[in-house]
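Please look over the sequence and the structure before reading on.

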Amino acid sequence: MKNIILMVDDNLEMRNLFAELLEKTPLRVVTFASVKEAQIHLLSENNRNDVLAIVSDLMMGPTDGLEFLAYVKKNNDLEHIDFFLLTGADISLYKSYIEPFPLTGIIEKPFSRKDMIATLTGLLANQLQATT
């Protein structure tokens, strides 16, 4: 069963918050401080097979969330993974960069913890329904 959420954010507090919020759900959170770390993790077929979704901060360096989105959606082994951008920025400024890629959603900071948990656990429920 795909139940892993990859959380990519250069902010340690945000990574810890996501792990804490989802610890009482069937989802497991694997966190990375950079896109490069997450990309290395995804190179392994065993690792990527269990990934349900990726939540990536939009603004990070040296590689940002938009570049990571493009990497995932252009890769045949990864393109099926749901992808969320996490941002406090005005997302309309990035619309032209996002449009070419299927984005599952945007989680805006500050976010409702309840809504974020419902969104991500809803992906798991949809996956379970699709397999039955």
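## Surface and overall form

How much of the accessible surface of the protein belongs to carbon and sulfur atoms? In this predicted model, the accessible surface comes to about 7300 Å², and 50% of that area belongs to carbon and sulfur atoms. Of the 132 residues, 45% count as buried.

The protein contains six helices and five strands, and along the sequence these elements follow the pattern β-α-β-α-α-β-α-β-α-β-α. The radius of gyration is 14 Å, close to the 14 Å that the globule rule gives for 132 residues, so the protein is as compact as a globular protein of that length. Along the principal axes, the C-alpha trace spans about 40 × 30 × 25 Å. Among contacts between residues at least 6 apart in sequence, 67% join residues that are at least 24 apart.

Leu12 is found in helix H1, which comprises residues 12-22, and with a relative accessible area of 49% it is partly exposed. The C-alpha atom of Leu12 is separated by 25 Å from that of Leu124, a residue 112 places away along the chain.

## Helix H4 and the buried Lys73

Helix H4 is mostly covered, with seven of its nine residues buried. The buried residues are Gly65, Leu66, Phe68, Leu69, Ala70, Val72 and Lys73, and they pack against strand S1 (4-8), helix H2 (35-42), strand S3 (51-57), strand S4 (82-87) and helix H5 (95-98).

The salt-bridge rule requires a side-chain nitrogen of Lys or Arg within 4 Å of a carboxyl oxygen of Asp or Glu. Leaving aside residues up to four places away in sequence, Lys73 touches Glu79, His80, Ile81, Phe83, Phe101 and Pro102.

## Salt bridges

How many salt bridges does the count come to? By the rule applied here, there are two.

In one of them, Asp77 is paired with Arg48, and the closest N and O atoms are 3.6 Å apart. This pair links distant parts of the chain, since Asp77 sits in the loop between H4 and S4 and Arg48 in helix H3 (residues 45-48), 29 residues apart. Asp77 is partly exposed, with a relative accessible area of 43%, whereas Arg48 is buried, with a relative accessible area of 13%.

The side chains of Asp57 and Lys109 also meet in a salt bridge, with an N to O distance of 3.5 Å. Because Asp57 lies in strand S3 and Lys109 in the loop between strand S5 (105-108) and helix H6 (113-131), the pair ties together parts that are 52 residues apart in sequence. Asp57 counts as buried at 5% relative accessibility, while Lys109 is partly exposed, with a relative accessible area of 31%.

For the protein as a whole, the mean positions of the 12 positive and 18 negative charges are 3 Å apart.

How values were computed. Residues numbered from 1 in each chain as written. Predicted model: local features only at pLDDT ≥ 70, side-chain atom pairs only at ≥ 80, totals over all residues. Heavy atoms only, no water. Helix = DSSP H or I, 4+ residues; strand = E, 2+ residues; numbered from the N terminus. Rg over C-alpha atoms; globule rule 2.2 N^0.38 Å. Buried < 20%, exposed > 50% of the residue type's maximum accessible area, 1.4 Å probe, protein only. Contact = heavy atoms within 4.5 Å. Areas by Shrake-Rupley, 256 points an atom, 1.4 Å probe, with all protein chains shown as cover. Lys, Arg positive; Asp, Glu negative; His and termini not counted. Charge placed at Lys NZ, Arg CZ, Asp CG, Glu CD.
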